[in-house]
Amino acid sequence: MSDTNQSPLQLQPLLQRAAWLRKLYFTRAAFSFLWVALAFTVAKGSPVVATVLLVVYPAWDALANLWDARMTGGAKANPTQVLNAWISALVTVAVAVSLGLQLQLILAIFGAWAIVAGLLQLATAIRRRKSDKGQWVMMLSGAQSALAGGFFVAQQGSAAPVVQTFAGYAGVGAVYFLISGLVILFRKSKGGAGGLASEEA
């Protein structure tokens, strides 16, 4: 049942959380769009830039998940984000080591990471679906990430360009984050505090 009689004091945390998630989703979308743009332009002619991009992406994901957990109740309330952050940090190290040793394992590493990270994102969105808006988009994003991870693993050993192959995945993820942020923004502009309260499960 929806509770439309919440006081302004009760609604304030909901509004703050919605504003925070909107900021997070827009920030993640902007980062990914920039990453994709660099992958399809500068990185094509610069192995150094390509290497930096491959290391930076999982590192940023780790920071973003920690940022998310900290701003939405802390580590105990967000075990999936914290686990996702640790996994992304380990992937950052694995990618750096693989590149440094010139091992041809990048797509396999990114594929395994995309599968696990996607499932954790899906779990996070399911947990949040009753309290936060835009989570149906994050559920789709998590499922798509897991499927894309299987594709990356299958591509391992092929002649596919690693950065550009992964850029397609990053671009789709950016769109999902953008849509989630827009869903929250649209709900706020249409209903304001009353809209957020009336939509609560």
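This report describes the helices, annotated spans, nonpolar groups and salt bridges of a predicted model.

## Basis of the model

Residues are numbered from 1 along each chain as its sequence is written, and side-chain values use heavy atoms, with hydrogens and water left out. Because the model is predicted, local features need pLDDT of at least 70 and side-chain atom pairs count only at pLDDT 80 or more, while totals for chains, interfaces and linings use all residues.

## Annotated spans

The unreviewed UniProt entry carries the annotation "transmembrane region" for residues 25-43, 49-69, 81-99, 105-124, 136-154 and 166-186. Positions from UniProt are given in the numbering used here, feature names are shortened, and annotations may be inferred rather than shown by experiment.

Two of these spans can be described from the model. Residues 25-43 are 95% helix and 0% strand, with end C-alpha atoms 25 Å apart. Residues 105-124 are 95% helix and 0% strand, and their end C-alpha atoms lie 28 Å apart. Helices (H or I, at least four residues) and strands (E, at least two) are DSSP runs, numbered from the N terminus.

## Nonpolar cores

A nonpolar core is a set of buried Ala, Val, Leu, Ile, Met, Phe, Trp, Tyr and Cys residues joined through side-chain atoms within 4.5 Å. Buried means under 20% relative accessible area, exposed over 50%, and partly exposed in between (1.4 Å probe, protein chains only). The largest core has 26 residues, and those with the most contacts inside it are Trp35, Trp113, Val163 and Phe166. At least two residues each come from helix H1 (8-40), helix H3 (47-71), H4, helix H5 (106-128), H6 and H7. H5 gives the most to this core, eight residues.

Trp35 is in contact (heavy atoms within 4.5 Å) with Leu53, Leu54, Tyr57, Val163, Phe166, Ala167 and Ala170, leaving aside neighbours within four places in sequence. A second, separate core has 13 residues, including Ala18, Tyr25, Val137 and Ile184.

## Salt bridges

The structure holds three salt bridges, each defined as a side-chain nitrogen of Lys or Arg within 4 Å of a carboxyl oxygen of Asp or Glu. Asp132 pairs with Arg17, their closest N and O atoms being 2.6 Å apart. This pair links distant parts of the chain, 115 residues apart: Asp132 is in the loop between H5 and H6, and Arg17 is in helix H1. Asp132 is buried, with a relative accessible area of 5%, whereas Arg17 is partly exposed at 23%.

Asp61 forms a salt bridge with Arg28, with closest N and O atoms 2.4 Å apart. Asp61 is in helix H3 and Arg28 in helix H1, 33 residues apart. Asp61 is buried at 10% relative accessible area, and Arg28 is buried at 10%. In the pair of Arg128 and Asp68, the closest N and O atoms are 2.6 Å apart. Arg128 lies in helix H5 and Asp68 in helix H3, so the pair ties together parts 60 residues apart in sequence. Arg128 and Asp68 are both buried.

## Asn84 in helix H4

Asn84 lies in helix H4 (residues 79-100). Asn84 counts as buried because its relative accessibility is 5%. Not counting residues up to four places away in sequence, Asn84 touches Asp61, Asn65, Ala117, Leu120 and Gln121.
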